[in-house]
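Reader: I am new to this structure and would like to learn how to read its contacts. Could we go through them together, one feature at a time?

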Amino acid sequence: MKILVCISKTPDTTSKIAFIDNNTKFAADGVQFIINPYDEWYALVRALELKEANASTTLHLINVGGADTEPIIRKALALGGDEAIRINSENGDSFNIASQIALIAKAGDYNLIFTGKETIDYNGSSIGGMVAELLDLPYISHAIKFDLEGTTATVVREIDGGEETDKANLPLVISCQKGMAEQRIPNMKGIMGARTKPLKVIEPTTFDSYTTIASFDLPPAKAGVKLVSADNPEELVRLLHEEAKAF
Amino acid sequence: MVLVFIDQQAGHIKKASFEAASYGAEVAKLLGTNAEAILLGSVIDNLANLGNYGITKVHTVDDENLNNFDAQVFTKIIAQAAENAEVVIFSNNTTGKAIAPRLSVRIKAGLVSGAAALPNLSSGFTVKKTVFSGKAYANITVTTAKKIIALNPNSFSIIPMGGTAEVVPFTANFETAKVQVISQDLVKGEVPLGEADIVVSGGRGLKGPENWGMITDLATLLGAATACSRPVADIHWRPHHEHVGQTGLAIAPNLYIAVGISGAIQHLAGVNRSKTIVVINKDAEAPFFKAADYGIVGDAFEVMPKIIEAVRKLKSA
Ligand SMILES: Cc1cc2nc3c(=O)[nH]c(=O)nc-3n(C[C@H](O)[C@H](O)[C@H](O)COP(=O)(O)OP(=O)(O)OC[C@H]3O[C@@H](n4cnc5c(N)ncnc54)[C@H](O)[C@@H]3O)c2cc1C
Ligand SMILES: Nc1ncnc2c1ncn2[C@@H]1O[C@H](COP(=O)(O)O)[C@@H](O)[C@H]1O
C-alpha cells in the first residue's frame with residue numbers, strides 16, 4: 001500500500017499576528033514555524049500507525065513550499081515516513097497547491113491520501129476536497145477515526161452536531177482531525193535517521209490560481225472588560241439582559 | 001443567478017442554511033439578479049418557506065439515495081444545477097467544507113471559504129474571510145468568472161422577507177455513492193454547539209466532572225449549548241465534541257460564557273468571534289479578561305449558583 005501525507009507549514013499557535021507592506025503580507029520576522037498541527041498530530045501519526053501495522057506500506061510526505069519549509073519537512077520525517085517530496089512553489093492559491101499535489105499523487109498511484117482538516121493560518125479546509133476532485137476520488141472530511149480492513153476503510157467523521165460512520169473502498173482522500181491519533185514526539189533515532197531520508201525537490205508545473213489575497217485586516221480592538229463585583233453576580237445577569245441584550 | 005446549497009439533517013433545513021439563503025439573497029441584490037436554491041434528498045420541511053429568506057426558486061432532487069451523503073455525488077449534481085450560476089453559496093459547515101472545494105475544481109470557480117461579510121464589488125469581486133483562526137481577516141479577490149463562497153455559520157443575520165419560493169424538481173445524472181453512510185450518532189436533546197446562539201463553557205478551574213451541574217444548569221435555562229477547554233476533554237471530564245479552540249471547534253455565538261477557563265491563545269482562537277464574551281475566573285490576571293466584554297473576578301463555586309438563580313428569576317418573570 002502507498003500512503004501520501006500532505007504537510008504544510010504554519011506559524012506557531014502562540015505567534016503574534018501582524019501584517020506588513022500595507023497589510024498585504026504576514027509579518028513572519030521572529031515567528032516560529034511549525035508543522036500544521038492537524039497534519040502532524042493526526043494525519044501523519046495515523047499514517048505511521050498504518051505503516052507499523054503493515055510493514056509493506058510505503059509512506060511519502062508532500063509539501064508545496066519554498067526551501068524554508070525544509071526544516072519542517074525534516075521534522076516530519078523524524079516522526080517517520082520513507083521519503084518526502086517538496087514542490088518548489090510558494091505563491092499559489094489553494095487550487096494551485098491542490099493541482100501540484102494531485103499531479104504527484106496521480107503519478108505515484110497512492111491508495112490513501114491524508115491531509116489535515118485545515119491549516120491554522122489560512123483556514124481553507126479546501127486542499128483535500130480539491131485533490132479528491134482532481135483525482136476523481138471519494139473524499140471523507142473531518143475524520144476522527146480511520147480503520148482499514150483489506151482495502152475497505154471504516155471512517156468516523158464529525159458532522160454538525162454529532163458523528164457519522166462511513167465505509168468506502170480505497171483509493172481515498174481523507175482530511176484528519178483530533179481523535180485520529182495521539183500526538184508523538186520524535187526520538188533521537190528518528191531525528192538522526194531523518195537526515196539521510198530522501199527529500200526530493202520538484203519544480204512546479206504551471207497551473208492557474210483562482211484567487212489572490214488583496215489585503216489583511218485585524219479585528220477592531222475590544223472596548224475593554226466591564227467588571228462586576230463577585231458580591232453582586234445578579235448585576236451581571238441584568239447587564240447581559242438589558243445592555244448586551246444577549247437573552 | 002446566485003445558487004444557494006441548502007443543507008438538511010434528518011429532513012430539516014439547518015439553521016446555517018437559512019443564513020446562507022439570506023446571504024445569497026443579498027449577494028444576488030448586489031449583482032442585480034435573483035437567488036435560487038438546491039436541496040438534495042427527501043425533507044419534511046416546507047421548502048416554499050425558503051422564499052421568506054429571499055429565495056425565488058428551489059430546485060430539489062427528491063431521491064432517498066441522496067440522504068446518504070457523499071461529497072462526490074453531491075458535487076456532480078450541484079455542478080449541473082450551477083450551470084447558469086454566477087455565484088454558488090454554501091454554509092462553511094462540515095457539509096459545505098466537504099463539497100465546496102470539490103465544486104470549485106469541477107466548475108472552475110474560485111472559492112472563498114470562511115466568508116465573514118458580503119462581497120465587495122468596488123474593484124473586482126473581493127470577500128472578507130477569517131484567517132489565523134479568527135485572529136485576523138483576509139480580503140480574497142476571486143479572479144474566475146464563477147465564484148463560490150462558503151459562509152461562516154453565525155456570521156450573517158437571517159433576514160426574513162416574507163415570500164414564497166417556487167419549488168421545482170431538478171433532474172440530474174448521478175452515480176451510486178462510493179461512500180456508504182453506515183450510521184449517524186447525533187447528540188440528542190442538546191443544542192448543537194456550532195449553531196448555538198449562547199454557549200456556556202467550563203475549564204479546568206471547575207476541578208472535576210462532578211461540578212459540571214452549574215454549567216449544564218445555566219445552559220438549560222438559557223437554551224444554550226455547552227462547551228469546554230481542551231484539557232477538560234483530554235482528561236475525559238467532558239466529551240470531545242465539546243472542545244472549542246484552535247484544535248477543536250471554532251464557534252461564533254452571540255454570547256459565550258467562560259467559567260474557570262484561563263483564556264490561552266489557542267482557546268481564544270476558537271471563540272474570539274463571539275459577539276459578547278463573559279469571563280468568570282478567580283484570577284484577575286487570567287488572560288481571558290483581556291478578550292472579554294463582561295467579567296467577574298471570583299470563585300465560580302460561589303458566583304455560579306447566584307447567576308443561575310438570577311437567570312431563573314428573570315426567565316420566570
Ligand atoms: C498547539 C496547541 C493547541 C491547543 N489547542 C487548544 C484548543 O483548541 N482549545 C483549548 O481550550 N486549549 C488548547 N490548547 C491548550 C491551551 O494552551 C491551554 O492549556 C488550555 O486552554 C487551558 O485550559 P483551561 O483554561 O481549562 O485550564 P487552565 O489553564 O488550568 O486554567 C484554569 C483557570 O481556572 C481558574 N480557576 C481555578 N479555580 C477557579 C474557581 N474556583 N473559580 C473560577 N476560576 C477558577 C484559574 O484561575 C485558571 O485561569 C492548545 C495548546 C497547544 C500547544
Ligand atoms: N502548501 C501545502 N503543501 C502540502 N500540503 C498542504 C499545503 N497547504 C495545505 N496542505 C494540506 O491541506 C490541508 C488543508 O489545508 P487548507 O485547505 O489550506 O486549510 C492541510 O492540513 C495540509 O494537510
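Predicted model: local features only at pLDDT ≥ 70, side-chain atom pairs only at ≥ 80, totals over all residues.

Reader: Which atom of Lys282(B) lies 3.2 Å from a nitrogen atom of ligand 1?

Author: A polar contact is a pair of N or O atoms within 3.5 Å, where within protein one must be able to donate a hydrogen and the other to accept it, and residues adjacent in sequence count only if both atoms are side-chain atoms. Here a backbone N or O atom of Lys282(B) lies at that distance of 3.2 Å from a nitrogen atom of ligand 1, and a backbone N or O atom of Gly205(B) lies 3.4 Å from a nitrogen atom of the ligand. For Thr247(B), a polar side-chain atom lies 2.8 Å from a nitrogen atom of ligand 1. The protein covers 81% of the 980 Å² of accessible area that ligand 1 has on its own (Shrake-Rupley method with a 1.4 Å probe; for residues, only the protein chains shown count as cover).

Reader: Why is the site of ligand 1 shared between chains?

Author: A residue is near a molecule or strand if one of its heavy atoms lies within 4 Å of it. The site is shared because residues from chains A and B surround ligand 1. There are 28 surrounding residues, and Arg204(B), Ser229(B), Ser262(B), Gln266(B) and Asn281(B) are the closest.

Reader: How many residues of chain B are in contact with chain A?

Author: Contact means heavy atoms within 4.5 Å, and 87 residues of chain B meet 75 residues of chain A in this way.

Reader: How many salt bridges does the rule find across the interface of chain B and chain A?

Author: A salt bridge is a side-chain nitrogen of Lys or Arg within 4 Å of a carboxyl oxygen of Asp or Glu. Six are found across the interface of chain B and chain A, including one between the side chains of Lys128(B) and Asp217(A) at 2.2 Å, N to O. Between these chains, 41 residue pairs are in polar contact, both residues being at pLDDT 80 or more.

Methods. Residues numbered from 1 in each chain as written. Chains lettered and ligands numbered in written order. Heavy atoms only, no water.
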